[in-house]
Structures are given as C-alpha cells and as structure tokens.
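Visitor: I would like to learn how to read a structure like this one, feature by feature. Could you take me through it?

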Amino acid sequence: MSRIGRFTALALVALWSLAPFLWQLITSLKPDPEITALPPLLPAHITLAHYAAIFTGTPFLRLMANSAVVASGTTLLAVALGALAAFALAKLHVRRRTLILALVLAVSMFPPIATVSPLFLVINALGLRDTLIALILTYTGFALPLAIWLLTGFFHKVPDEIYFAARVDGCTPFEAFRRVLLPLSAPGLITTAILVFILSWNEFLYALSFTATAAARTLPVGIALFPGLHEIPWGEIAAACVAATAPVLLLALGFHRRIVEGLTRGAVKG
Amino acid sequence: MARIRFDSVTKRFGDVTVAQDFKLEIAHGEFFTFLGPSGCGKSTLLHLLAGIEMPTAGDIYFDDRRVTELAPGARDVAMVFQSYALYPHMSVYENLAFPLRNRRTPAARLDEAVAQTARTLGLGDLLDRKPRELSGGQRQRVALGRALIRQPRVFLLDEPLSNLDARLRLEMREELKRLHAAQRITTVYVTHDQEEAMALSDRIAVLQQGRIQQCGTPEEIYRAPANRFVAEFVGNPPMNFLPADALRGIPPLAARLVPSNGRDLVIGVRPTDIRVQASALDTALQAKIVLLEPTGADLWVVGEWNGQRLKGRAETGERLAVGETADFVFSGERIYLFDRASGARID
C-alpha cells in the first residue's frame with residue numbers, strides 16, 4: 001500500500017476517534033449565542049468565558065481533587081494488591097492457577113448495574129456513604145481483575161530462571177519479587193496503573209449512586225449535574241469535559257513510550 | 001564443600017514421574033555430571049538440589065544435614081543457568097554483588113570480593129556495563145562469577161555452555177576445569193553433551209527417563225558401558241550396532257561369539273575401532289561405501305553391509321570412493337555384546 005493511502009487511512013481513524021472530543025473542544029471555546037447554531041462549525045471568535053465560569057461558578061476544583069484522590073487511591077491499591085496476586089499466579093506453585101484466573105475474570109463479568117443495589121446496602125451499613133473511601137474500595141474491586149490479568153501476563157514474561165536465580169542467590173520469594181521481578185516489569189506496572197487510573201477517573205454509575213454531595217462527588221458525576229433547572233449550560237459542560245480530560249491526556253502522553261513498550265513487550269524476542 | 005546424598009527421591013509433576021526412588025551419593029569436592037538426552041530428568045534433579053523444586057517423596061542431604069525443605073537461599077548453593085539468568089536491570093558489579101548483599105555483607109568486604117571475582121574471570125573493565133551490552137562469553141563469565149563469589153558449599157551448573165559458539169565453549173570448558181581444580185567446590189553439572197561430560201567430570205551418571213543407566217568415571221563409562229543406551233550415548237561418532245548372527249561367518253569375530261551361541265545378541269563397535277582400507281582382506285567385512293566425511297585429522301567412512309549402516313575410520317591418504325567396496329576391519333577384543341531384548345551388556 002502506498003504511503004499516501006496508509007496516511008489517509010490513519011488520518012480517518014484518528015478523526016473518527018477524536019471527532020467527539022474536537023466537537024467538545026470547539027463548543028467549549030464558542031461564545032454562548034453561537035453554540036446552538038450550525039453553521040458555522042468553527043467559532044468566529046474564541047472565548048475562554050466558559051473555562052472562567054467553571055473555575056469560579058462551580059465546585060470544579062473540588063470535583064477534580066476528589067477524582068484525583070479516588071483515581072490515585074484506586075490505582076495504588078489495585079496495582080499493589082494486583083501485583084502480589086499476579087506474582088503468586090505467575091511465579092509460585094499455585095494449584096488450580098487457570099481456575100483462579102478464570103474466576104477472577106468472571107468477577108468482572110457482572111454488569112455494574114446488577115451490583116449497585118447490594119453494594120449500596122453494604123456501603124450504607126459500613127457508614128461509608130458519600131465518602132471517597134467508598135469509591136476507592138468499590139473501584140479497586142472492579143479494577144483488580146484487570147490488574148491481575150495484565151500483571152500476571154507481564155510477570156510471566158520475566159523468565160523463570162531469573163526468578164530462580166534470585167532465590168538461589170539468597171532472596172526470599174518477596175525479596176525476589178521486589179528487587180528483581182518488579183523492576184523488570186516496570187513498563188507493565190505503568191501500563192496497568194494508567195489503565196486503572198483512566199477506568200476510575202471516568203467511572204460514572206457507582207460515583208452517582210454512592211455520593212450525595214460535593215464532599216465525595218467525582219468529575220463525571222459533577223459535570224452531569226451541571227444542568228440547571230431551566231437551561232443546560234452546554235459551553236460550561238464542554239469546558240469541564242475538556243478540562244477533565246487534560247490530566248489523563250498528560251499522563252498518557254508522559255508515559256507514552258513506556259505504555260507502547262509495555263503493550264508490545266515480548267512480542268519480539270531480544 | 002559438602003557431600004550430597006539423594007535418599008530415595010521421587011519427583012512427580014502431576015501424572016508425570018520424573019524420578020522414581022532415586023538414590024545417589026556425590027563426594028566432597030567431586031565434579032559430578034548428570035548426562036542424558038533432553039527430558040531425562042537431569043535438570044529436575046539439579047532443581048531439587050537447588051531447592052527450586054521440592055521432592056514428592058524422599059530426602060536430600062548435604063553432609064549429614066537434611067535440606068529437603070530448606071529454601072534455596074538457606075542451602076548455600078550457587079547455580080549457573082543455561083540462559084545465564086543475569087539481572088538485566090543491574091550492572092555487572094551489582095549482578096556480582098547481589099548474592100552478597102542478600103547476606104548483608106559489609107560494604108568493604110563486598111567491594112573486595114567483587115574486585116577479586118572480576119579479576120579471576122577477567123571482568124574488571126566491564127563492571128559498569130549492563131548485561132545487554134555484553135557478548136555471550138562475557139555474560140557466561142558474569143553468571144559464573146555471581147555463583148562463585150560467595151564460595152558456596154555446592155556449585156550447580158545447568159548446561160552452562162550450550163549457548164556459546166563452539167570455540168568459546170572449549171575455552172570456557174577449560175576455565176571451568178581450572179576453577180574447579182583451584183577451588184574444589186562440590187560441583188554438579190548437567191549436560192546432554194557427552195564430550196563435555198567426559199572432559200570435565202570426576203564421575204558421570206548417565207540418565208534415561210529419570211533412572212541412572214550407569215554411574216562411574218568417564219573412563220569406565222566409555223570402556224565398559226553397562227548397556228546399549230549408554231554405549232550409544234557416549235562416544236563420538238556414536239557406536240555401530242549389528243546383529244550378531246550376521247557376523248558369525250567372519251573368523252576373528254566368530255571365536256568371540258562362540259560362548260554366547262544361541263542367544264539373541266547385538267554387536268556394538270565404535271567407529272574409532274574400525275579401520276577402513278581399500279585392499280581386499282578375507283577376514284574383514286566388505287561394505288559398500290555410501291559416504292565419506294573428511295574432518296581434517298580423520299576420514300570417516302559410512303558403509304552399507306547387508307542393509308546395515310556402519311561407520312569406520314580410514315587413514316587420510318587412503319584411496320576410497322563412494323560406491324566402491326572397502327574392507328571394514330575390526331578385532332574381536334574391541335566389540336561389545338548386548339542382549340537384544342534387555343539391552344544389557346554381556347561380557
């Protein structure tokens with residue numbers, strides 16, 4: 001295939017994926033009167049008024065802080081617990097490995113809506129309603145299967161002989177895990193961490209159900225609750241969406257090389 | 001240093017039995033080799049010694065101490081793996097220092113030990129490099145150094161030379177022998193290369209399917225193989241096998257076969273013990289030449305006789321050509337007799 005053909009194909013795919021986001025970006029920069037008009041697609045002049053509005057007129061910063069705490073907490077917990085479980089599954093003699101991995105996967109098969117009510121009752125009983133901890137614990141539960149599966153795969157790629165060498169060289173299993181397996185799986189850990197982070201950053205259903213006030217609301221819920229009684233502030237919603245995407249985007253760009261390395265590692269020998 | 005004893009060790013992986021009621025003693029300071037084809041269980045035996053695998057039944061002793069349940073780190077063994085298994089994220093220095101750091105060695109002694117080991121193995125200039133920046137031979141040296149640095153009681157080597165090219169393999173083989181002669185650490189070596197085993201070992205155990213077929217010095221195993229499997233596996237080129245009945249017509253062999261008349265035998269002759277020559281001799285076996293393999297020092301000749309394949313050695317100047325008939329001469333003293341059914345050797 002020619003270079004031009006390939007370039008066109010890639011551009012089309014990129015446009016397809018990015019179009020909704022670009023639409024939000026354009027909307028967020030349009031003055032109010034132009035937002036509901038089409039054409040023009042592009043605004044005649046650009047305004048930052050919507051951005052100013054979300055930072056002054058809404059608890060946007062509070063929402064973002066909540067989201068950051070929930071997403072980081074979930075990531076730390078899920079990667080830490082997931083790595084331990086994955087280590088056992090990948091390198092220790094665990095009986096019924098395949099069965100365990102299948103069960104772990106089965107856990108993530110439940111549709112979230114089916115678990116909302118029972119989880120709500122549990123969280124209420126624990127007195128955790130409208131707290132960030134409730135979200136962190138719930139998300140960790142749902143992120144763990146993903147983390148365990150990904151990390152088991154990454155640890156599996158570290159040759160057994162390297163793990164054995166560390167054991168013979170005097171490491172306990174945990175030391176071998178910490179000093180040899182973890183450093184060698186860094187790309188995998190980062191990949192897993194970012195995927196879990198994005199998952200919990202974007203989660204909507206549980207966040208909506210388990211929170212009641214700005215004390216524990218996260219960005220997706222907060223933004224969804226922007227609409228007032230009589231009008232929908234499209235410009236502000238768009239601005240908030242763009243601003244909410246920015247941290248994840250920066251994170252992904254920052255670790256871009258590492259992620260690609262992690263996702264393709266072991267595909268080619270050497 | 002330590003004496004090693006396998007006391008009726010059995011190892012199963014699921015339904016597969018790798019070793020059954022395995023008994024063996026390895027002496028202080030001995031260089032002992034497990035030799036066998038892949039899948040014979042030799043690496044598993046090494047893993048059992050290292051503590052990486054646990055026996056299903058039976059016990060392992062170092063001297064008189066039972067180590068069966070001891071963790072690898074508590075056994076004071078060191079191991080060199082086939083793939084070297086260096087730590088890719090650490091420098092050569094850190095790779096060498098790793099086993100000592102795990103034993104909380106003081107910094108000054110650690111520095112000294114690394115310098116000393118690096119000097120012995122010629123790694124002095126490479127201490128800051130990462131494993132991926134090293135050649136195969138250098139990696140092999142680092143792996144050896146990492147194992148030798150703390151003077152273990154037992155030194156385990158799992159096919160350490162098989163990833164090196166032919167020339168480097170010979171060089172490292174000499175180095176291993178030199179190191180063992182200097183340090184006299186009890187060494188257990190695993191290989192499928194009979195020549196390597198012969199060149200290095202004090203004693204060899206030839207294994208097939210987790211069973212010792214023969215255990216002895218390289219000399220004993222080569223001169224007096226216990227059975228057909230050992231005879232075929234040890235020696236290069238491999239031994240020829242011919243049905244005994246077909247050879248009863250040849251006078252020098254017939255005499256040797258008389259005591260065992262009536263038994264179903266197979267005769268084994270090493271290619272090195274067969275002289276191939278052009279002139280016709282009536283006491284020799286006349287075979288058609290199908291292949292000539294000059295190797296510089298020797299000229300190997302593959303012949304076909306009554307449908308049997310036969311290999312022998314000719315003087316390099318001998319005038320031989322493929323398709324012609326030549327004499328394959330061998331004496332009655334240099335043949336081995338094996339029972340066809342059991343494979344056992346008969347004196």
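Guide: Let us begin with strand pairing, where two strands pair if DSSP finds at least two bridges between them. In this predicted model, strand β3 (residues 31-35) of chain B pairs with strand β8 (residues 186-191) of chain B in the parallel sense over five bridges. Helices (H or I, at least four residues) and strands (E, at least two) are DSSP runs, numbered from the N terminus.

Visitor: How are the residues and chains labelled, and which parts of the model count?

Guide: Residues are numbered from 1 along each chain as its sequence is written, while chains are lettered from A and ligands numbered from 1 in the order in which they are written. Because this is a predicted model, local features need pLDDT of at least 70 and side-chain atom pairs count only at pLDDT 80 or more, whereas totals for chains, interfaces and linings use all residues.

Visitor: Which residue of β8(B) stands opposite B:L35, and how many bridges join β3(B) to strand β9 of chain B?

Guide: B:L35 faces B:T191 in β8(B). Four bridges join β3(B) to β9 (residues 203-208) of chain B, and these strands also run parallel, with B:A205 in β9(B) as the bridge partner of B:F34.

Visitor: Which residues touch the most other members of the largest nonpolar core?

Guide: A nonpolar core is a set of buried Ala, Val, Leu, Ile, Met, Phe, Trp, Tyr and Cys residues joined through C-beta atoms within 7 Å. The largest here has 139 residues, and A:L135, B:L49, B:M79 and B:L156 touch the most other members; helix α7 (residues 132-157) of chain A gives the most to this core, with 14 residues. Two residues are in contact if their C-beta atoms, placed from the backbone, lie within 7 Å, and, leaving aside neighbours within four places in sequence, the contacts of B:L156 include B:L46, B:V77 and B:V188.

Visitor: How many residues does each chain bring to the contact between chain B and chain A?

Guide: Chain B brings 17 residues and chain A brings 14 residues. On the side of chain B that touches chain A, the largest share, three residues, comes from β6(B). By class, that side divides into twelve nonpolar, four polar and one charged, where Ala, Val, Leu, Ile, Met, Phe, Trp, Tyr, Cys and Pro count as nonpolar, Asp, Glu, Lys and Arg as charged, and the others, Gly among them, as polar.

Visitor: Why does B:Q151 count as exposed?

Guide: B:Q151 counts as exposed because it has 12 C-beta neighbours inside 10 Å.

How values were computed
A residue is buried if 20 or more other C-beta atoms lie within 10 Å of its own, exposed if 12 or fewer, and partly exposed in between; C-beta atoms are placed from the backbone.
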